[in-house]
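These are my notebook entries on a single structure. I set down what I looked up and how each term was applied.

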Amino acid sequence: MSRGANQKLKLLYLSKILKEQTDDDHYLTMPQIIEELDKYDISANRKSIYDDIEALNDFGMDIVKERVGAMTYYHCGNREFEIAELKFLVDAIQSSKFITVRKTRELIRKLESLVSVHDAKLLDREVYVAGRIKNMDESIYYAIDAIHTALIEGKQIRFRYFSWNLKGEKEFRHDGAEYQISPWALCWDDENYYMVGFDEDAGFIKHYRVDKMTDITLTNVRRKGTQNFRAQDKAVYTKKRFRMFDGKEQQVTLRCKNYLSNVIVDQFGKDVSMRPYDEEHFTVNVDVAVSRQFFGWVLALGGDAVITKPASVKEEMKKLLEDYMRESE
């Protein structure tokens with residue numbers, strides 16, 4: 001490449017140099033800027049760079065000029081993201097179970113490109129989450145994209161749904177037949193994505209784990225279930241279900257020790273009404289989809305939370321415990 005072949009790109013390379021090499025703690029002098037441009041076969045003088053920096057500031061970049069003694073320093077100031085915000089995003093990506101290891105690295109590299117090479121080192125961090133298993137299949141990204149397209153266009157989708165068998169192989173439900181569902185929302189629960197959709201044949205709303213959906217295709221059929229979905233609040237829908245397991249929706253009364261107030265709010269939201277029962281306990285009515293997962297959640301509180309109403313739910317839990325004890329003998 002001939003000398004000065006990149007001259008027309010001078011403004012772009014100047015922006016790149018300042019973004020990559022400077023931040024609030026790292027600066028470049030004018031001779032250093034000229035030297036860095038020279039590495040891209042771009043010749044420049046002080047006057048032209050002054051004009052370029054002014055143009056970049058007019059465009060929206062925040063290039064800060066500071067004079068210390070006889071020296072003048074330049075650095076890139078405010079950016080689209082603060083380093084603390086990017087650390088938060090990196091932590092979220094690292095700890096997300098559904099994002100593969102390879103995609104995790106790719107996303108973090110892209111986030112690092114938003115800051116200087118110096119601050120990028122601060123994003124080179126590892127977050128360890130107990131029990132985390134990273135997804136090995138990147139098809140989930142394409143599945144999410146296909147569902148988003150269906151949501152935007154208001155169309156039904158077809159897909160096959162599977163479970164893992166004892167051999168670690170995919171075992172398709174409905175003998176491999178396709179499901180045709182009207183998608184209405186994507187929900188995030190217990191580190192998994194779920195699609196909430198209306199099953200016209202069944203006549204009610206169901207949910208499906210996105211990483212177990214495959215061969216997703218968009219149809220030309222308008223989605224159904226408008227009235228059914230309007231009657232559901234997405235946040236309430238997920239809050240009622242424990243690990244998104246279905247069950248009969250009922251109002252259940254719990255009696256809990258006072259220290260569990262935080263646990264109740266974390267699970268059911270701050271709008272729940274907790275009423276004092278005695279000096280050490282309170283009661284609360286919660287709407288839940290009664291399932292084994294709900295009973296497991298109650299048991300995990302070690303007897304400090306008990307179901308008091310309705311009697312049918314108490315009996316259901318009692319029978320579950322009796323069956324468990326009998327099977328364990």
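**Entry 1: the three-stranded sheet**

I began with an open sheet of three strands, which runs in the order β1-β3-β2 with antiparallel pairing. I took strands (E, at least two residues) and helices (H or I, at least four residues) as DSSP runs, numbered from the N terminus. Two strands count as paired if DSSP finds at least two bridges between them. I noted β1 (28-29) and β2 (63-68) at the edges; each has a single partner strand, so one side of each has no neighbour in the sheet. I then looked up the pairing of β1 with β3 (residues 71-76), which is antiparallel and extends over two bridges. In this sheet, T29 stands opposite Y73 of β3.

I also recorded that α1 lies across β1, β2 and β3 and runs at about 90 degrees to β3. For such angles, axes are lines fitted to C-alpha atoms, for helices over the stretch in contact, and the angle runs from 0 to 180 degrees between N-to-C directions.

**Entry 2: basis of the values**

I note that this is a predicted model, in which local features need pLDDT of at least 70 and side-chain atom pairs count only at pLDDT 80 or more, while totals for chains, interfaces and linings use all residues. Residues are numbered from 1 along each chain as its sequence is written, and side-chain values use heavy atoms, with hydrogens and water left out.

**Entry 3: the whole protein**

I find twelve helices and 13 strands in the protein. Of its 329 residues, 38% count as buried. Buried stands for under 20% relative accessible area, exposed for over 50%, and partly exposed for values in between (1.4 Å probe, protein chains only). Among contacts in the protein with a separation of 6 or more, 65% are between residues 24 or more positions apart; a contact requires heavy atoms within 4.5 Å.

**Entry 4: helix α1 against helix α3**

I looked up how α1 and α3 meet: their axes come within 10 Å and cross at roughly 75 degrees. That makes α1 roughly perpendicular to α3. The classes are roughly parallel under 35 degrees, roughly antiparallel over 145, roughly perpendicular from 65 to 115, and oblique for the rest. On the α1 side I listed K10, L11, L14 and S15, which meet S48, I49, D52, I53 and L56 of α3. The residues of this contact divide into five nonpolar, two polar and two charged. Here Ala, Val, Leu, Ile, Met, Phe, Trp, Tyr, Cys and Pro count as nonpolar, Asp, Glu, Lys and Arg as charged, and the others, Gly among them, as polar.

Which side chains meet K10 and D52 in a salt bridge, and at what N to O distance? I found that the two side chains meet each other, at 2.2 Å. The term requires a side-chain nitrogen of Lys or Arg within 4 Å of a carboxyl oxygen of Asp or Glu. This pair links distant parts of the chain, as K10 is in helix α1 (residues 10-21) and D52 in helix α3 (residues 46-59), 42 residues apart. Both K10 and D52 are buried.

**Entry 5: helix α2 against helix α3**

I then turned to α2 (residues 30-38), which packs with α3 at an angle of about 90 degrees, the axes being 11 Å apart. α2 is thus roughly perpendicular to α3. M30, P31, I33, I34 and L37 of α2 make the contact with R46, I49 and Y50 of α3. By class, I recorded seven nonpolar, no polar and one charged residues.

**Entry 6: further salt bridges**

I count eleven salt bridges by the rule above. One of them joins D51 to K47, with the closest N and O atoms 2.8 Å apart. D51 and K47 both lie in α3, four residues apart, about one turn of the helix. D51 is partly exposed at 36% relative accessible area, whereas K47 is exposed at 52%.

Another salt bridge joins the side chains of D215 and R160 (3.0 Å, N to O). D215 lies in strand β9 (residues 213-222) and R160 in strand β4 (residues 155-164), so the pair ties together parts that are 55 residues apart in sequence. D215 is partly exposed at 40% relative accessibility, and R160 is partly exposed at 25%. I also noted that R102, K103 and E106 are joined into one network by salt bridges that share partners.

**Entry 7: T226**

At 29% relative accessibility, T226 counts as partly exposed. Its C-alpha atom is separated by 8.6 Å from that of W184, 42 residues apart along the chain.
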